[in-house]
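Please keep the structure in view while reading.

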Amino acid sequence: MMPSTTEALLQRAVAGERRALARMITWIEARHEEAGAALSGATVRRRGAPGRPHVVGVTGPPGAGKSTFVDRLISWGRAQGETVGVLAVDPSSPFSGGAILGDRIRMERHTADDGVFIRSLSSRGHLGGLSSATAEVVDLLDAVGFDRVVVETVGVGQSELGVMEVADTVVVVLTPESGDAVQAMKAGLLEIGDVFVVNKSDRPGADRLVRELLLSVELAAMPWASPVLSAVALQGEGVEAVAEAAAAHLRWCRGAGEMVWRRRRGDAWVRLVLDLLSDEARQHAVARLQASGLEPRLRAGELSPQDVARRLA
Ligand SMILES: Nc1nc2c(ncn2[C@@H]2O[C@H](COP(=O)(O)OP(=O)(O)O)[C@@H](O)[C@H]2O)c(=O)[nH]1
Ligand SMILES: [Mg+2]
């Protein structure tokens, strides 16, 4: 049997053709069913064990310096001889407007490097779809063979943080400006951080935030005590220590923390299946509503939403 166009495209992407990779991501982003189907046949190394590639999630409030930090992390990885794929995920929420442009500018110096692939991913405000699209693109970057995959997303709420489920190691970037540990806790950032970075340590209040975070990590008494490090990403200070802490976390995932890692990965897969199914159900629902011709009567107030839903169920 001839491979489908999508499968042929995937094969070219896996063979190292960057244009095919970019195209394939566009199809995943647009939720083409065929892209998902082709991907399910690809060799995804991380389905077996953590670390190939090491998927590092970077999250935190807008303006914390995530992209500046990721730019430095790319340089660090390249110096180790790694190839690096970067995915900047924009939830398109009112909080992150224009984030992607900033991401692009901060990482621009790597665009001519063949060992680096940078891509942004957005969706029309559909967050469930965005988590599943992110997971699929990470699988794709894995199949293409990148040694490290970095996923940056703004962490402003629970739904955005769902994107981070794909990561082996989550790096939470905070700043003295973004407030105290209580603020980070409210945003759900404390629960998900495997490594905490107090960036902009050139600004006042950094030491205090480090102490607060250390205290909260101690109180949480989790099996992995997340290190708290300070950095000045703009100057590249502290970036190596963070990269090493992320590597230490990965070693832990491969050893004593394997059960924790497996549970997290299992949760992410279950969630991905539910996301894919609800995406599909929603598409069917939209099609059914359109085909029914009931929408004008709904809009005119002749039928209640409950009525319409019942008729279409
Ligand atoms: N003072 C200071 N500014 C920084 C540092 N790191 C990043 N910035 C600045 O913070 C702003 C936001 O950075 P960006 O990386 O786009 O943040 P993101 O929204 O979290 O991705 C930019 O103007 C950076 O130059 C730092 O360590 N110190
Ligand atoms: Mg950014």
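## Confidence of the model

Within the protein chain, confidence is lowest in helix 5, residues 99–106, where the mean is 72, and it is highest in strand 7, residues 228–230, at 98. These values are pLDDT scores, since the model is predicted. Averaged over the protein chain, pLDDT is 89, and 94% of the residues score at least 70. Where pLDDT is low, the predicted coordinates should not be read in detail.

## Surroundings of ligand 1

The shell around ligand 1 holds 17 residues, and the closest of them are Gly63, Lys66, Thr68, Arg106 and Asp202. By residue class, this shell divides into six nonpolar, five polar and six charged residues. Helix 4, which runs over residues 66–79, gives the most to the shell, with three residues.

Several polar atoms of the protein approach oxygen atoms of ligand 1. A polar side-chain atom of Thr68 is placed 2.5 Å from an oxygen atom of the ligand, while a side-chain N or O atom of Lys200 is 3.1 Å from an oxygen atom of ligand 1; from the backbone, an N or O atom of Ala64 comes to 3.2 Å from an oxygen atom of the ligand. Of the 590 Å² of accessible area that ligand 1 has on its own, the protein covers 81%.

## Helix 4

Helix 4 is mostly covered, with ten of its 14 residues buried.

The length of helix 4 can be checked against its residue count: at 1.5 Å a residue, its 14 residues should span 20 Å, and because its end C-alpha atoms are 20 Å apart, the two values agree. The helix is followed by Gly81, whose phi is positive, near 85°.

## Backbone features in the loops

Most residues other than glycine have a negative phi, and most peptide bonds are trans. Against that background, the peptide bond that joins Arg52 and Pro53 is cis, with omega at about -5°. Pro53 is placed in the loop between helix 3 (33–40) and strand 1 (54–60).

Lys200, whose side chain has an N or O atom 3.1 Å from a ligand oxygen atom, has a positive phi of about 60° although it is not a glycine. Lys200 belongs to the loop between strand 6 (195–198) and helix 10 (206–220). Ala221 likewise is not a glycine and has a positive phi, of about 45°; its place is in the loop between helix 10 and strand 7. With a relative accessibility of 62%, Ala221 counts as exposed, because the cut-off for that class is over 50%.

Ala184 is found in helix 8, residues 181–186, and its relative accessible area is 4%, so Ala184 is buried. Between Ala184 and Asp267 there are 83 residues of separation in sequence, and their C-alpha atoms are 23 Å apart in space.

Leu294 sits in the loop between helix 12 (258–292) and helix 13 (295–299). Its relative accessibility of 11% falls under the 20% limit, and therefore Leu294 counts as buried. Leu294 and Arg311 are 17 residues apart along the chain, and 9.4 Å separates their C-alpha atoms.

Conventions
Residues numbered from 1 in each chain as written. Chains lettered and ligands numbered in written order. Predicted model: local features only at pLDDT ≥ 70, side-chain atom pairs only at ≥ 80, totals over all residues. Heavy atoms only, no water. Near = heavy atom within 4 Å. Polar contact = N/O pair within 3.5 Å; in protein donor to acceptor, adjacent residues only side chain to side chain. Areas by Shrake-Rupley, 256 points an atom, 1.4 Å probe, with all protein chains shown as cover. Helix = DSSP H or I, 4+ residues; strand = E, 2+ residues; numbered from the N terminus. Nonpolar A, V, L, I, M, F, W, Y, C, P; charged D, E, K, R; others polar. Expected span 1.5 Å × (residues − 1). Buried < 20%, exposed > 50% of the residue type's maximum accessible area, 1.4 Å probe, protein only. pLDDT = per-residue confidence, 0-100.
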